[in-house]
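Me: I would like to go through this structure term by term. Please set each value against its definition.

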Amino acid sequence: MKIGGLQVGDWAVKESGGKQHLIFDCRNCPYGTSFVEDPHCRFHIFAALLETEADLVVLSEVYERVYNEAQTKMMSEIAKLMVKFETEAIWSYAHLGDPKIEGEEFFGERHDALVKVAHDILAYDPIAAYVLCLEEIKKERNRLAKTPENTRAEIYLNNLVALRETMERTELIGKARDIIMRLRQIPETTALYHSFFEAQIKPSFIGSRLLFEEMEKLELLDEYNVGQSSVQIFKHPSKTEKLYFINPPEYSLPPDKYFVLSKTREIVATYQPGKASLSSTAKSRKYFERIYQASIRDISKQANIKMSPEDVNQLAEIVARYTVGYGILEILLSDRRITDIYLDAPIGQKKVYIVHSKYGQCETNIIYTQDEANALVSKMRAMSGRPFDEAHPVLDLDLAELETRVAVIGPPLSPDGTAFAFRLHKVTPWTLPQFIDAKMLTPLAAGLLSFFIDMQATMLITGSRGSGKTSLAGSLMLEIPQNSRIIVQEDTMEIAVPYMKELGFNVQRLKTRSPISISKTETEVAPEESLRTALRLGDSALVIGEVRSKEAKVLYEAMRVGAAGNIVMGTIHGDSAYSVWDRVVNDLGVPNTSFKATDVVVVARPIRFAGSLERHRRIVQITEVGKHWTEDPEKEHGLLDLMTYDAGKDTLELNEANIKKSELFERIMSVSGLSAKQIWANIELKANSKEYLVQLKNKYKIPLLLESENTVLANNKLLLIKENALQKYGASANLDSVLGEWKEWVSSVLLKRVLGAQMKKG
Ligand SMILES: Nc1ncnc2c1ncn2[C@@H]1O[C@H](COP(=O)(O)OP(=O)(O)OP(=O)(O)O)[C@@H](O)[C@H]1O
Ligand SMILES: [Mg+2]
């Protein structure tokens with residue numbers, strides 16, 4: 001389209017996330033790429049908006065300026081105004097005055113003024129057009145005041161006033177008017193555009209937009225860095241969830257760096273790095289960064305842009321992130337304070353959500369795009385070697401190098417399009433003392449569970465999604481004596497097996513096929529087959545990452561005949577001991593008699609305290625599965641709550657009466673030869689030792705003390721001291737003095753070690 005004889009630059013409309021993006025290709029435009037700074041740019045935008053509707057305006061050269069919906073609406077209103085004035089021919093003869101009363105003396109001047117206000121200037125600088133209109137009104141009023149009544153006509157003035165009012169009804173002019181009135185003078189119009197049209201800037205090869213809206217209303221709660229990006233946590237006055245704002249360096253580089261960055265990215269985009277690019281292991285990542293560094297140095301040299309070695313490294317890291325890496329998600333994935341990341345369908349409409357270990361569910365400032373999502377899916381498809389399409393709408397895989405599990409779902413399962421859920425694993429396994437410290441359970445409950453491990457009980461941990469089942473199973477594994485063999489069977493590798501090996505555990509992992517991926521071209525072993533193998537591996541502790549389907553039958557059959565090794569532990573979705581029975585027996589088809597091989601069900605649940613939206617993970621039930629019932633364990637009192645959660649006190653309480661009825665305790669007594677009193681002394685020894693570590697950690701502010709590397713040492717030492725005492729004094733050994741001796745060792749050896757290590761860390 002042509003306006004005022006000027007050809008408008010290239011633009012196109014693209015739909016993304018249900019929004020119309022009006023995108024200008026500004027690379028060959030001689031004018032500035034900014035609605036705020038350059039009147040010609042404004043002119044182009046208005047001209048395009050005359051032809052098309054748009055939700056967002058994007059000016060694209062080496063970086064993109066994105067004007068949000070509110071700003072685009074303000075622009076569109078001006079375009080509509082231009083059409084209105086043109087069709088109403090506001091500058092036509094009839095609007096210029098009354099020739100019978102005042103003659104045509106001023107008509108030429110008035111015509112000029114009207115065309116300037118309502119057409120020529122309006123298209124370049126609407127605020128200036130408005131200001132001119134105000135001046136013209138003032139001038140006309142002054143002139144009328146001096147005009148004798150018989151030659152005074154107000155047609156022109158009325159026309160001007162109507163024009164002013166129409167302009168003021170647009171949001172842009174309305175806002176400008178308010179400021180002009182307040183200041184009682186007319187500021188530079190550029191300054192006004194600045195305050196209304198602050199655009200987001202991002203490199204054009206990055207799809208995701210970052211929104212920094214309503215910052216003035218927000219209360220800053222926390223601030224930290226993740227690599228080179230800064231993270232801020234805010235509280236919004238009217239939102240229940242917190243806001244998580246990330247600000248990576250690539251969104252705020254100076255223009256010359258953007259230039260080098262985009263050029264490099266253009267060049268390396270055509271380079272096919274082959275299979276190596278599919279993994280982003282640290283080694284291959286460094287390899288690509290080195291290649292990019294060379295390009296960056298070349299390009300900046302040619303363009304005469306000064307770059308320090310740090311600048312080159314920084315840019316190479318960014319290029320790698322958006323070529324072989326996971327883009328902006330990678331930054332979120334490296335913030336280990338995040339536990340989950342959700343990209344809901346339709347992507348591009350809603351902001352990315354995260355769950356923060358300290359601040360719970362948070363809305364981020366990131367709008368991810370469909371294009372990025374498609375690229376991510378291709379990458380994951382290639383990495384897993386599995387299909388993902390209408391026939392296989394679920395893709396589930398581990399990003400081992402990022403300690404993350406991803407589930408992707410697509411249509412028809414997710415009718416609004418692809419959606420992603422990322423679960424970030426804690427890098428080091430949770431320990432029971434850490435759970436005590438986080439109030440997930442009490443020292444006594446930790447002691448009890450650890451004691452059950454000693455007594456080779458069979459335990460199922462249940463809870464809703466994300467309630468901490470797998471974490472708890474991992475922490476209980478750390479209670480298994482290090483001389484036992486442990487076999488872990490998982491479809492997604494969540495339990496920190498390599499880390500446990502480093503700590504001295506004897507662990508073997510079996511990775512099985514994911515039952516939720518519907519694909520048929522799997523090379524992995526089905527869980528039930530894997531389990532048969534595991535059982536053949538002999539007398540070991542068996543940990544099943546998640547009991548989901550057919551393997552349950554194999555598992556229970558093995559447990560029933562006592563072939564399942566000495567400790568069996570697994571996690572299963574549910575919300576109570578009864579629901580675990582219902583699931584295992586009624587859904588998975590395990591007979592009641594086999595189900596009774598379960599000794600204990602532990603229930604985890606996120607609790608919301610009255611009046612608070614924050615969720616706290618708690619163990620709410622430790623339940624014994626009795627052996628004397630036939631049909632329904634609840635009706636026949638087959639489920640015995642050993643400990644139950646008291647929400648009022650936020651604590652797990654021991655049910656003394658039920659303990660007295662416990663068949664499990666009776667069995668333990670007969671098998672181990674321990675008296676009830678001795679059993680409790682053992683449980684308390686464990687409980688007290690863990691509680692002591694937590695107290696020391698808080699006293700000296702040394703979180704490191706509760707990490708597995710130290711709690712495992714502490715457990716081993718306690719076991720050793722107890723063994724010595726048992727050898728010396730037999731069953732009558734005094735466990736209080738065992739604890740005393742152990743505490744001495746902790747203060748004289750462990751504490752020093754940890755304080756030293758913490759100092760080194762700074
Ligand atoms: N007591 C706790 N306090 C804070 N964070 C916790 C606690 N327990 C677990 N988490 C964190 O919560 C997240 C979910 O934990 P986990 O994977 O153990 O849950 P899950 O019940 O196994 O989930 P799923 O149902 O998806 O298998 C993890 O990031 C974990 O580190
Ligand atoms: Mg789990």
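**Terms and values**

Me: Why is Asn304 called exposed?
Reply: Asn304 has 73% relative accessibility. Exposed means over 50% relative accessible area, buried means under 20%, and partly exposed lies in between, with a 1.4 Å probe and protein chains only. Asn304 therefore counts as exposed.

Me: What is the basis for these values?
Reply: This is a predicted model, in which local features need pLDDT of at least 70 and side-chain atom pairs count only at pLDDT 80 or more, while totals for chains, interfaces and linings use all residues. Residues are numbered from 1 along each chain as its sequence is written, chains are lettered from A and ligands numbered from 1 in the order in which they are written, and side-chain values use heavy atoms, with hydrogens and water left out.

Me: Where is Asn304 found, and what is its phi?
Reply: Asn304 is in the loop between helix H10 (282-302) and helix H11 (309-323). Helices (H or I, at least four residues) and strands (E, at least two) are DSSP runs, numbered from the N terminus. The phi of Asn304 is positive, about 60°, although Asn304 is not a glycine.

Me: Which value of phi does Lys439 have, and where does Lys439 lie?
Reply: Phi of Lys439 is positive, near 65°, and Lys439 is a residue other than glycine. Its place is the loop between helix H14 (432-437) and helix H15 (443-454).

Me: Why is Thr166 called buried?
Reply: Thr166 has 13% relative accessibility, so it counts as buried. Thr166 sits in helix H6 (residues 155-168).

Me: What makes the pair of Thr166 and Ala162 a polar contact?
Reply: A polar atom of the Thr166 side chain lies 2.7 Å from the backbone oxygen of Ala162. A polar contact is a pair of N or O atoms within 3.5 Å; within protein, one must be able to donate a hydrogen and the other to accept it, and residues adjacent in sequence count only if both atoms are side-chain atoms.

Me: Which residues is Thr166 in contact with, leaving aside neighbours within four places in sequence?
Reply: They are Leu81, Lys84 and Phe85. Contact means heavy atoms within 4.5 Å.

Me: Which peptide bonds are cis?
Reply: One joins Ala345 and Pro346, with omega about -10°. Another joins Pro411 and Pro412, with omega about 0°. Pro346 is in the loop between strand E12 (338-343) and strand E13 (353-356), and Pro412 is in the loop between strand E17 (404-409) and strand E18 (419-424).

Me: Which residues come nearest to ligand 1?
Reply: Of the 19 residues around ligand 1, these are Arg423, Trp430, Lys469, Thr470 and Ser471. A residue is near a molecule or strand if one of its heavy atoms lies within 4 Å of it.

Me: How far from an oxygen atom of ligand 1 are the polar side-chain atoms of Thr470 and Ser471?
Reply: For Thr470 the distance is 2.6 Å, and for Ser471 it is 2.5 Å. Taken alone, ligand 1 exposes 640 Å², of which the protein buries 93%. Accessible areas come from the Shrake-Rupley method with a 1.4 Å probe; for residues, only the protein chains shown count as cover.

Me: Which helix gives the largest share of the shell around ligand 1?
Reply: It is H16, with three residues.
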